[in-house]
Amino acid sequence: MHKNFKNIEKVVYGRGSFAQLDEIIAPVRKENDGFFVFVVDSYFEGKPLASQVPVKEGDVIRFIDINPKEPTTDQVDELRDRVLAENGMPSGIVGIGGGSIMDIAKATALMFKNEGSSPQYQGLNLIKQEGIYHLGVPTVSGTGAECSMTAVLSGPEKKLGLKCEWTVFNQVILDPDLISTVERNQWFYTGMDTFIHCIESKCGINYNVYSQAYGDQAIKFCEDIFLGENSGQNPENDEKLMMASLFGGLSLTYSEVGACHSLSYGLSVVLGMKHGYANCICFNHLEEFYGDYVNDFKKMVAHHNIDLPQNLSKDWTEEQITAMAEVSINLPFMWRHAIGEDWESKWGIEDIKNLYRRL
Ligand code: NAD
Ligand code: ZN
């Protein structure tokens with residue numbers, strides 16, 4: 001079966017395009033109870049961007065601090081329940097932030113129209129009704145959350161996305177100005193997410209020319225941004241990184257992630273490590289899967305003087321390593337992509353534990 005992929009409906013790209021938000025949502029304001037919900041990363045509270053959010057009478061704006069933890073099912077349910085109780089059914093929801101805030105906006109948009117609590121919808125195509133209009137404004141680039149079909153939430157039992165066609169944003173505004181303030185390590189960790197999406201997509205059996213078309217361009221941009229003559233955080237590279245994130249997400253949509261994301265999930269679930277950071281911790285040690293790309297990665301880390309700890313595993317118990325390996329082996333489609341159809345005859349939980357021991 002070939003994938004029948006739902007893309008973002010509308011995309012604005014360009015420096016300063018955030019100013020068009022008001023105009024873009026104006027026609028949608030007639031829907032439902034006629035107000036908008038804005039979820040904004042708390043980094044922007046009191047900053048100039050906050051005063052540019054087109055909040056009208058009756059709208060709800062929430063600044064969310066995503067630093068203590070990645071988005072949770074409770075957080076999404078609470079937001080929906082409170083808005084429904086106090087304000088009614090919104091016309092739409094706008095998420096302004098990195099992958100965390102975009103995922104909260106995507107998930108809450110769905111939950112406004114689906115009864116019950118979000119853990120019951122963690123998985124593929126479990127959502128029953130189309131959600132409300134949702135618009136994403138990335139302020140950190142790399143995750144591909146701006147174009148993906150999933151909204152990743154940590155629930156009582158699992159960390160898993162609400163994944164379906166309706167999860168995809170109706171509209172995205174890509175304004176490279178908005179990512180200029182991201183702290184250097186964070187810029188790198190999240191930026192590497194897209195590099196790794198492309199490399200993992202490329203190095204596996206699901207790879208195809210569609211995935212390549214997006215992925216090769218995104219890899220080229222990443223090389224410019226992180227290794228080129230003009231490397232580092234500057235306006236030109238902010239533009240490239242924003243497109244690299246989108247293209248990396250699209251490349252991945254037509255292929256699959258592999259060993260690095262599979263291991264990284266184990267670190268996030270068991271140790272609560274953030275996605276981009278966890279990927280970097282793993283990718284650093286995966287030469288046999290990703291060859292020279294790992295050398296490029298090491299050069300990038302050194303070039304930007306990025307904090308990337310090693311020998312973390314010496315502090316992990318055997319139980320923790322086993323728990324991580326169990327999370328990882330339960331992502332068989334990733335290992336299948338990375339190793340091949342017959343992966344189970346070549347690869348097992350002991351091999352995965354050995355990889356964790358390297359970190
Ligand atoms: P993030 O959203 O977690 O934000 C990282 C940090 O950057 C936070 O401290 C935030 O306050 C800060 N920040 C945001 N914008 C800023 C700005 N312009 N200037 C300065 N600081 C800013 O980071 P992320 O790496 O983009 O997202 C990670 C999340 O994305 C995880 O929860 C992960 O599960 C999710 N994710 C989702 C998908 C998907 O397809 N839906 C894919 C990959 C990752
Ligand atoms: Zn990723």
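Asn208 sits in the loop between α5 (184-202) and α6 (209-227), where helices (H or I, at least four residues) and strands (E, at least two) are DSSP runs numbered from the N terminus. This is a predicted model, in which local features need pLDDT of at least 70, side-chain atom pairs count only at pLDDT 80 or more, and totals for chains, interfaces and linings use all residues. Residues are numbered from 1 along each chain as its sequence is written, chains are lettered from A and ligands numbered from 1 in the order in which they are written, and side-chain values use heavy atoms, with hydrogens and water left out.

- Asn208 counts as partly exposed because its relative accessibility is 28%; buried means under 20% relative accessible area, exposed over 50%, and partly exposed in between (1.4 Å probe, protein chains only).
- The Asn208 side chain gets to the backbone oxygen of Tyr254 at 2.8 Å. That is a polar contact, meaning a pair of N or O atoms within 3.5 Å; within protein, one must be able to donate a hydrogen and the other to accept it, and residues adjacent in sequence count only if both atoms are side-chain atoms.

**The six-stranded sheet**

- Six strands make an open sheet in the order β1-β9-β6-β4-β2-β3, with parallel pairing; two strands pair if DSSP finds at least two bridges between them.
- At the edges are β1 (10-13) and β3 (60-64), each pairing on one side only.
- Ignoring direction, neighbouring strands of this sheet are turned by 15° against each other on average; axes are lines fitted to C-alpha atoms, for helices over the stretch in contact, and angles run from 0 to 180 degrees between N-to-C directions.
- Four bridges hold the parallel pairing of β1 and β9, and Val11 stands opposite Val172 in β9.
- Helix α3 (residues 73-86) packs on the sheet and touches β2 (36-41) and β3, its direction making about 160° with that of β3.
- Helix α4 (residues 99-111) lies across β2, β3, β4 (92-97) and β6, and runs at about 170° to β4.

**Val172, inside strand β9**

- Val172 belongs to strand β9 (residues 171-174) and is buried, because its relative accessible area is 1%.
- Leaving aside neighbours within four places in sequence, Val172 is in contact (heavy atoms within 4.5 Å) with Ile8, Lys10, Val11, Val12, Gly136, Pro138 and Glu146.
- Val172 and Val12 are 160 residues apart along the chain, yet their C-alpha atoms are separated by 6.4 Å.

**The other strand pairings**

- Strands β7 (residues 150-154) and β8 pair in the antiparallel sense over five bridges, and a hairpin of four residues joins them.
- Within that pairing, Leu153 has Leu160 in β8 as its bridge partner.
- Strand β5 (residues 123-124) pairs with β8 (residues 159-163) in the parallel sense over two bridges, with Leu124 opposite Lys163.

**Helices and cores**

- Helix α9 (residues 275-283) has eight of its nine residues buried, so it is largely enclosed by the rest of the structure.
- Its buried residues, among them His275, Asn279 and Phe283, pack against α5, α8 (259-271) and α10.
- The axes of α6 and helix α10 (residues 287-303) come within 9 Å and cross at roughly 35°.
- In the largest nonpolar core, of 65 residues, Phe188, Leu267 and Tyr356 touch the most other members; a nonpolar core is a set of buried Ala, Val, Leu, Ile, Met, Phe, Trp, Tyr and Cys residues joined through side-chain atoms within 4.5 Å.
- Helix α5 gives this core its largest share, eight residues.
- A second, separate core has 19 residues, including Val12, Ile25, Val28 and Phe44.

**Positive phi angles**

- Asn125, in the loop between β5 and β6 (133-138), has a positive phi of about 55° although it is not a glycine.
- Asn311 also has a positive phi, near 55°, and is found in the loop between α10 and α11 (318-329).
- Asn311 is exposed because its relative accessible area is 52%.
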